[in-house]
Structure formats: structure tokens, C-alpha cells
Amino acid sequence: MRSLEDRFNHKFNYPWLLLNDEEFTPEFKHIVSTEAKNVTFGRLSYDQWRLSPGIDTDLMTKGQQKLEKLKIPYAKSTSYRKMCRFYSGYFFRHPLLQQYEYYWRVEPDVKFYCDIDQDPFQMMKQDDISYGYTSLMMEFIPTIETLWKTTLDWASERRKSIFKNNHLIVPNHEMPLINFFVDPKTNQFTGCHFWSNFEIARLDLWNNKDYISYFEHLDRSGGFFYERWGDAPVHSLYLALTLQPHQLKRFDHVGYSHDGYMNCDPSLVDKYKCQCSKTDYGGSWCRDKFTAYDGTPMDWSTSKWRLFK
């Protein structure tokens, strides 16, 4: 919070909203209120922070043990899975968010390294941008083994004009993003996704009947808990099915780090008074591939994503 206030919000004074599954303590509220002026504290309802209805806990435990053997992060964390479910299907429906048009997701333990002098919300509104990001990452494939198949089951019913026998039949120019996220030869999700711990987006991108029907279909399958579906690949696949490239914006001038990964463009260090060095760009194979992507189908047959299976 202090990092973002110093680099951005002291100039724009946007309100903060902090949500938790338990009541915030008075001590916590006092400390936070010394860091920012306009802070609201909210609590999640039971439905927003729970197992999906009908989950077989024995089957869930077996899935967790499988991922633990593979040394997957958060393999046995039920709380992490609840968080992914919340960000996939509930945060945008929280009553305290209904007054807003856009949101900026800010996770604990993140850092902002560069001055942000332009208002990203105004930039997005002016340019009719729906979704903003800093980077793309690779997902651990064992955590999303059935996500694309489950997505296809939903899309084949909702979008019969673009799928036939569970395969894409839409022209590239009508849905150019899908050929990056899904290998057209094997019809498998590549694993690349927008890194959603940083996202600036329109709330109605998710808060609409179409996306909610998608989330509810995923939720009924149990994949958030039997596997470990993250909100990042869930969001990314929906974006690939619904948006055009001009509706996305990469905030490459926002120096940012989370969980050991960094996005800090060395060419912008001096211009934006970044505290990261010119060698701190951080590697992201998916980000670099997406930056060079021109909308045509890619050859994934020898690509790095297969190493993550």
C-alpha cells in the first residue's frame, strides 16, 4: 500500500477497499489508515469464501496429494483454492464494489518501482480498454488439466457458431486471441495467462450474465478444488473468447514485482525514476511471446510450455 501510494495514489487519491474472510482487527485498521487516507474495510460472505457446493473432500484430498508429489506451490492449500474461486467468481459482485466502473487489484507483498504519472483509469476509459496487465506467466499444467475441456463444454453450448465438435472453426480475425492461449493443432490450453495479481479492468467485464454463467459452469465441475484452477487462467481463457487485442493494454511502464517475479522495463528506468536497475527486467517467456504475437496460429509443437506438463 505504501509503495503504490508513494508512486501513484498520493497524486490521484483513489479510494482503497480491503476485503477479508474475517473481520479486520481495530489494530490492523489503525495501521492501514496511517498509510492511506480513503480506506474502506469489508468482509466476505460465506458463499464467497467456501468450497464449491457438492465437493467430495476425499477426492479433493487425493488431488492435493497428487500435486504435492509434483512439488506444485500451494498443493495442499484449501485456502488458496478458496481465494482463486473468490477472484474467479465473486469479487466483482461484492456490494462495496457496485459503485465503481473499474478496479485495480493490489495483492499483499507487491512492490511498485516506478513513478506512475498518468491515471490508468482515465487512459483505459479514453481508449476503450477493458483489461490491463503487466505480464504473462506460465501455469503449472497439472493444476489445470481439465480447465480447457470444461471451458469447451461451456463454450460449445453458448457459442455454437465458433465451435464444432469441440474444435475452433472461427476465422482468426474474429477471435485472434484464442490462437495464443490454445494450441490449434492439439486443442490444448498452452498454459500462458495474464498474471492476474496485477490487473486493472472494467468490473462489467466479469459482472455480466455471460461470464457468470461461465464461472458457474466451472464451479459445478469442482475443478477449483479437485485440481487447483487459478483465477488467472480462468480470466485469460474468457478474455481470449470475448476480447479483441485493441481492448487489452499492457502497462509496461509500471515497474512491479510479486512473489519473486519482476516486470521492470530497463528502457524506462530513467524516464519513470524506477528504483529497479536496468538489469532487473525479469524473464517471462509467455510475456515475450505475446508481445510478438500477431494473431495468426502459432506452432507450439516444440515450445517451452510442454516442459511444464
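Tutor: Two strands are taken as paired if DSSP finds at least two bridges between them. The model is a predicted one, and with that in mind we can begin with strand E3 (residues 102-106), which is joined to strand E12 (residues 198-202) by 5 bridges, the two running antiparallel. Within this pair, Tyr 102 lies opposite Arg 202 of E12. Because 4 of the 5 residues of E3 are buried, that strand is largely enclosed by the rest of the structure.

A separate description applies to the open sheet built from 3 strands, whose order is E4-E14-E15 and whose pairing is antiparallel. Direction ignored, neighbouring strands here are turned by 10° against each other on average. Looking at one pairing in detail, E4 meets strand E14 (residues 256-258) in the antiparallel sense over 3 bridges, and Phe 112 has Tyr 256 in E14 as its bridge partner.

Turning to the helices, two packed helices are described by the angle between their axes and the distance between the axes. For helix H8 (residues 209-221) and helix H10 (residues 231-242), the axes come within 12 Å and cross at roughly 135°; H8 and H10 are therefore oblique to each other, and their crossing is right-handed. On the H8 side the contact is made by Asp 210, Tyr 211, Tyr 214 and Leu 218, which meet Val 234, His 235, Leu 237, Tyr 238 and Thr 242 of H10.

As for the backbone angles, most residues other than glycine have a negative phi. Lys 71, although not a glycine, has a positive phi of about 60°, and this residue is found in the loop between helix H3 (57-69) and helix H4 (78-89). With a relative accessibility of 73%, Lys 71 counts as exposed, the cut-off for that class being over 50%. Asp 128 likewise is not a glycine and has a positive phi, of about 55°; its place is in the loop between helix H5 (120-127) and strand E5 (131-133).

Methods:
Residues are numbered from 1 along each chain as its sequence is written. This is a predicted model: local features need pLDDT of at least 70, side-chain atom pairs count only at pLDDT 80 or more; totals for chains, interfaces and linings use all residues. Side-chain values use heavy atoms; hydrogens and water are left out. Axes are lines fitted to C-alpha atoms, for helices over the stretch in contact, and angles run from 0 to 180 degrees between N-to-C directions. Angles under 35 degrees count as roughly parallel, over 145 as roughly antiparallel, 65 to 115 as roughly perpendicular and the rest as oblique. A crossing is left-handed if the near helix is turned anticlockwise from the far one by less than a right angle, and right-handed if clockwise. Contact means heavy atoms within 4.5 Å. Buried means under 20% relative accessible area, exposed over 50%, partly exposed in between (1.4 Å probe, protein chains only).
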